[in-house]
Amino acid sequence: MQGSDHRRDLAEKIAGEIVLSDDPGATMRKWRTDFDVSQTALSDELDVSPSVISDYESGRRESPGIRVVERVVDGLLDVDEARGGNHVRQYARVLSAGFDSDVVLDLREYQSNRRLTEFYDAIEATELVSGSQDRIAGHTVIDSIAAIRRLSSEEFYRLYGQSTNRALVFTNITRGESPLVAMRVVNPTPNAVVLHGIDEDSLWDYAPALARIDGFSLAITEMPEERFLETVTALE
């Protein structure tokens with residue numbers, strides 16, 4: 001029942017975004033690409049020509065009605081579930097934690113604790129400060145700018161998911177000041193903080209010192225964003 005509830009909630013979110021969008025076709029395309037479903041795969045699921053999907057997404061056809069939107073959304077979810085349901089589970093985790101998918105890009109609990117070094121190897125991260133813990137039970141990937149603009153201090157705590165025994169990964173980073181300052185008011189702190197898209201020379205000078213004070217591992221990674229998200233969403 002819980003799985004069907006998550007699917008229904010996700011379907012309602014996607015359909016609502018498409019219907020209310022100023023450009024429904026572009027929003028439809030965004031969700032299709034987020035789910036890594038080709039126009040051909042979706043059209044096969046819906047038993048229509050690929051040109052129908054293309055016409056809606058490009059705006060060559062008038063905005064789709066609610067019945068068309070419902071079919072498209074169900075088709076996306078059906079294709080994903082036939083492939084194992086990875087994207088449905090990913091978005092369900094984020095939605096069940098009470099966040100929008102543009103704030104929390106991925107929230108994942110592993111089947112068993114994972115060595116932090118294994119996680120860093122997977123995302124090509126360089127550890128700058130060692131923490132007091134060497135294992136994590138999950139990770140949360142956060143758009144730092146969206147989080148700063150939209151999350152209250154209470155909501156920030158919920159970024160941990162089920163446990164603080166995890167890595168918080170911040171994307172959309174300039175120097176890393178905001179995430180590290182935020183860690184100063186969060187208690188307890190996560191086992192690891194990873195800053196994505198930044199090199200050591202660009203890192204805020206005080207970042208390592210703050211990580212040492214609070215005892216968490218600090219790492220950076222410059223893995224390209226698309227490959228990074230593909231990598232972390234494949235971890236279980």
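In this predicted model, strand 5 is covered on both of its faces: Ala192, Val194 and His196 lie buried on one side, and Val193 and Leu195 lie buried on the other. With 5 of its 5 residues buried, strand 5 is largely enclosed by the rest of the structure.

The neighbours of strand 5 in the sheet can be followed residue by residue. Strand 4 (residues 167–171) and strand 5 (residues 192–196) run parallel and are joined by 4 bridges. Across this pairing, Val169 stands opposite Val194, and Phe170 stands opposite Leu195. Strand 6 also pairs with strand 5 in the parallel sense, over 5 bridges; here the bridge partner of Val194 is Ala219.

Stepping back, the open sheet consists of 6 strands in the order 1-3-4-5-6-2, with mixed pairing. Strand 1 (104–115) and strand 2 (125–129) each have a single partner strand, so these two stand at the edges and one side of each is left without a neighbour in the sheet. From one strand to the next, the twist averages 20 degrees. Helix 12 (residues 225–233) packs on this sheet and touches strand 1, strand 3 (135–143), strand 4 and strand 5, its direction making about 45 degrees with that of strand 1.

In soluble globular proteins, nonpolar side chains tend to be buried together.

Two packed helices are described by the angle between their axes and the distance between the axes. For helix 2 (residues 24–34) and helix 4 (residues 50–58), the angle is about 120 degrees and the axes are 6 Å apart; the two helices are therefore oblique to each other. On the helix 2 side, Gly25, Ala26, Met28, Arg29 and Arg32 meet Ile53, Tyr56 and Glu57 in helix 4. This contact has 4 nonpolar, 1 polar and 3 charged residues.

Helix 3 (residues 39–46) and helix 5 (residues 66–82) cross at roughly 110 degrees, and their axes come within 9 Å. That makes helix 3 roughly perpendicular to helix 5. Ala41, Leu42, Glu45 and Leu46 of helix 3 make the contact with Arg71, Val72, Gly75, Leu76, Asp78 and Val79 of helix 5. By class, the residues here divide into 6 nonpolar, 1 polar and 3 charged.

Overall, the protein chain has 12 helices and 6 strands, and 48% of its 236 residues count as buried. Among contacts in the protein chain with a separation of 6 or more, 73% are between residues 24 or more positions apart.

Conventions
Residues are numbered from 1 along each chain as its sequence is written. This is a predicted model: local features need pLDDT of at least 70, side-chain atom pairs count only at pLDDT 80 or more; totals for chains, interfaces and linings use all residues. Side-chain values use heavy atoms; hydrogens and water are left out. Two strands pair if DSSP finds at least two bridges between them. Axes are lines fitted to C-alpha atoms, for helices over the stretch in contact, and angles run from 0 to 180 degrees between N-to-C directions. Contact means heavy atoms within 4.5 Å. Angles under 35 degrees count as roughly parallel, over 145 as roughly antiparallel, 65 to 115 as roughly perpendicular and the rest as oblique. Ala, Val, Leu, Ile, Met, Phe, Trp, Tyr, Cys and Pro count as nonpolar, Asp, Glu, Lys and Arg as charged, and the others, Gly among them, as polar. Buried means under 20% relative accessible area, exposed over 50%, partly exposed in between (1.4 Å probe, protein chains only).
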